[in-house]
Amino acid sequence: MDRFTASLALHRSLHSLESFESVSENELHLTYAITPSSGPNTKRRKIRVVLLFVPNTRQLADAQIEGLSEDPGDIVGAHVQANDVPGLLALVLSRARAGL
């Protein structure tokens with residue numbers, strides 16, 4: 001988790017990261033304040049990502065996404081299986097900014 005926590009300072013400035021909280025040794029909560037780039041509603045909204053890791057490893061076990069207008073289950077499953085946290089976050093934020 002330290003590796004992820006250390007990289008969040010840079011991530012915060014680049015990707016509208018509003019807050020992050022290490023809830024436990026294997027759970028990380030990230031909250032983003034996103035302004036969609038298009039669509040009928042360009043009001044700033046919150047996207048919350050909860051990352052759950054297998055205890056005592058750096059293996060992503062699950063992720064929960066709140067704030068998207070679509071079900072993110074398809075992207076979560078693929079990225080959890082690949083243990084790709086950066087890819088998951090990039091795709092979630094991209095979809096949020098696209099107004100999806």
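## Exercises on a sheet and a helix

In strand 2, S19 has T31 as its bridge partner. Strands (E, at least two residues) and helices (H or I, at least four) are DSSP runs, numbered from the N terminus. This is a predicted model: local features need pLDDT of at least 70, side-chain atom pairs count only at pLDDT 80 or more, and totals for chains, interfaces and linings use all residues. Residues are numbered from 1 along each chain as its sequence is written, and side-chain values use heavy atoms, without hydrogens and water.

**Exercise 1.** Work out the strand order and the edges of the sheet.

*Solution.*
- Six bridges join strand 1 to strand 2 (residues 27-34). Two strands pair if DSSP finds at least two bridges between them.
- Four strands form an open sheet, ordered 1-2-3-4, with antiparallel pairing.
- Strand 1 (17-24) and strand 4 are the edges; each pairs on one side only.

**Exercise 2.** Describe helix 3 (residues 85-97) from start to end.

*Solution.*
- Start: a side-chain oxygen of D84 comes to within 2.9 Å of the backbone nitrogen of G87.
- Buried residues (under 20% relative accessible area, 1.4 Å probe, protein chains only) include V85, L88, L89, V92 and A96.
- An α-helix has 3.6 residues a turn, so residues three or four places apart point the same way.
- End: G99 follows helix 3, and its phi is positive, near 85°.

**Exercise 3.** Which strands does helix 3 lie across?

*Solution.*
- Helix 3 lies across strand 2, strand 3 (45-53) and strand 4. Contact means heavy atoms within 4.5 Å.

Definitions and conventions
Buried means under 20% relative accessible area, exposed over 50%, partly exposed in between (1.4 Å probe, protein chains only). A polar contact is a pair of N or O atoms within 3.5 Å; within protein, one must be able to donate a hydrogen and the other to accept it, and residues adjacent in sequence count only if both atoms are side-chain atoms. Axes are lines fitted to C-alpha atoms, for helices over the stretch in contact, and angles run from 0 to 180 degrees between N-to-C directions.
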